[in-house]
Amino acid sequence: MIPRVRRSAAAAALLVCAGAAATTQAQAQAPAPDRVWNRLAECESGGRWALDSGNGYYGGLQFSRGTWSAYGGAEHAHYPHRATRQQQIAIAERLLGAEGGYGAWPACARELGLPR
């Protein structure tokens, strides 16, 4: 039998671990600060929010048109590169929340050390 003090310590440790997991999950789904989007756009497009790269990816965060439309981008502009920086970030925030990380930008997420 575990002494009462140890049981309390074990319960406290369990609560701390559960709290840390909840915090990590909330951080992954919380809106990213502007500096993160700026760094990601710098990596993806050289920081050019109006970029039409000619390879089927558009804007500062290099959305495909399908992803842009699927996450509501068409309410702002037909193509991502025609939307404002803030509108592109708003759609990226939806994508980030749905994915729980930066997996939509795998190479740059890896390079910048962002959770995927």
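Me: Helices here are DSSP runs of H or I with at least four residues, strands are runs of E with at least two, and both are numbered from the N terminus. Where does Q88 lie?

Reply: Heads-up: the model is predicted, local features need pLDDT of at least 70, side-chain atom pairs count only at pLDDT 80 or more, and totals for chains, interfaces and linings use all residues. Residues are numbered from 1 along each chain as its sequence is written, and side-chain values use heavy atoms, with hydrogens and water left out. As for Q88, look in helix 4.

Me: What pattern does the chain follow, read along the sequence?

Reply: Five helices and two strands make up the secondary structure. Reading along the sequence, you get α-α-β-β-α-α-α.

Me: What share of the 116 residues do buried ones make up?

Reply: Buried means under 20% relative accessible area, exposed means over 50%, and partly exposed is in between (1.4 Å probe, protein chains only). In this chain of 116 residues, the buried share is 31%.

Me: Among contacts between residues at least 6 apart in sequence, what percentage join residues at least 24 apart?

Reply: A contact is a pair of residues with heavy atoms within 4.5 Å. Taking the chain's contacts between residues at least 6 apart, the share joining residues at least 24 apart is 42%.

Me: Back to Q88: is it buried or exposed?

Reply: Its relative accessible area is 0%. Beyond four places in sequence, Q88 is in contact with W49, G59, G60, L61, F63, W68, P80, H81 and A83. W49 is 39 residues away in sequence, yet the C-alpha atoms are 8.2 Å apart. With an area of 0%, Q88 is therefore buried.

Me: Which residue has its backbone nitrogen 2.8 Å from a polar atom of the Q88 side chain?

Reply: A polar contact is a pair of N or O atoms within 3.5 Å; within protein, one must be able to donate a hydrogen and the other to accept it, and residues adjacent in sequence count only if both atoms are side-chain atoms. The backbone oxygen of P80 sits 3.2 Å from a polar side-chain atom of Q88. The backbone nitrogen at 2.8 Å belongs to G60.

Me: What is the relative accessible area of H81?

Reply: H81 lies in the loop between helix 3 (65-70) and helix 4 (85-99). Setting aside neighbours within four places, H81 contacts W49, A50, L51, D52, Y58, G59 and Q88. H81 counts as buried because its relative accessible area is 14%.

Me: How far apart are the end C-alpha atoms of helix 4?

Reply: The expected span of a helix is 1.5 Å times one less than its number of residues. For the 15 residues of helix 4 that comes to 21 Å, and the model agrees, with the end C-alpha atoms apart by 21 Å.

Me: Within what arc do the buried residues of helix 2 fall?

Reply: In helix 2 (residues 34-45), V36, W37, L40, A41 and S45 are buried. The arc is that of the directions from the helix axis to the C-beta atoms. Seen down the axis, these buried residues line one face of helix 2, because they fall within an arc of 130°.

Me: At what angle do helix 2 and helix 4 pack?

Reply: Axes are lines fitted to C-alpha atoms, for helices over the stretch in contact, and angles run from 0 to 180 degrees between N-to-C directions. Under 35 degrees counts as roughly parallel, over 145 as roughly antiparallel, 65 to 115 as roughly perpendicular and the rest as oblique. Helix 2 and helix 4 are therefore roughly perpendicular. Their axes are 11 Å apart, and the packing angle is about 100°.

Me: What is the relative accessible area of S45?

Reply: S45 lies in helix 2. Not counting residues up to four places away in sequence, S45 touches L51, G59, G60 and Q62. S45 is buried, with a relative accessible area of 2%.

Me: What is the phi of Q62?

Reply: Q62 is in the loop between strand 1 (57-58) and strand 2 (63-64). Q62 counts as buried, at 10% relative accessibility. Most residues other than glycine have a negative phi. For Q62, phi is positive, near 50°.

Me: With which side chain does the R65 side chain make a polar contact?

Reply: R65 is in helix 3 and counts as partly exposed at 30% relative accessibility. Leaving out residues up to four places away, R65 touches G56, Y58, H78 and Y79. At 2.6 Å, the side-chain partner is H78.
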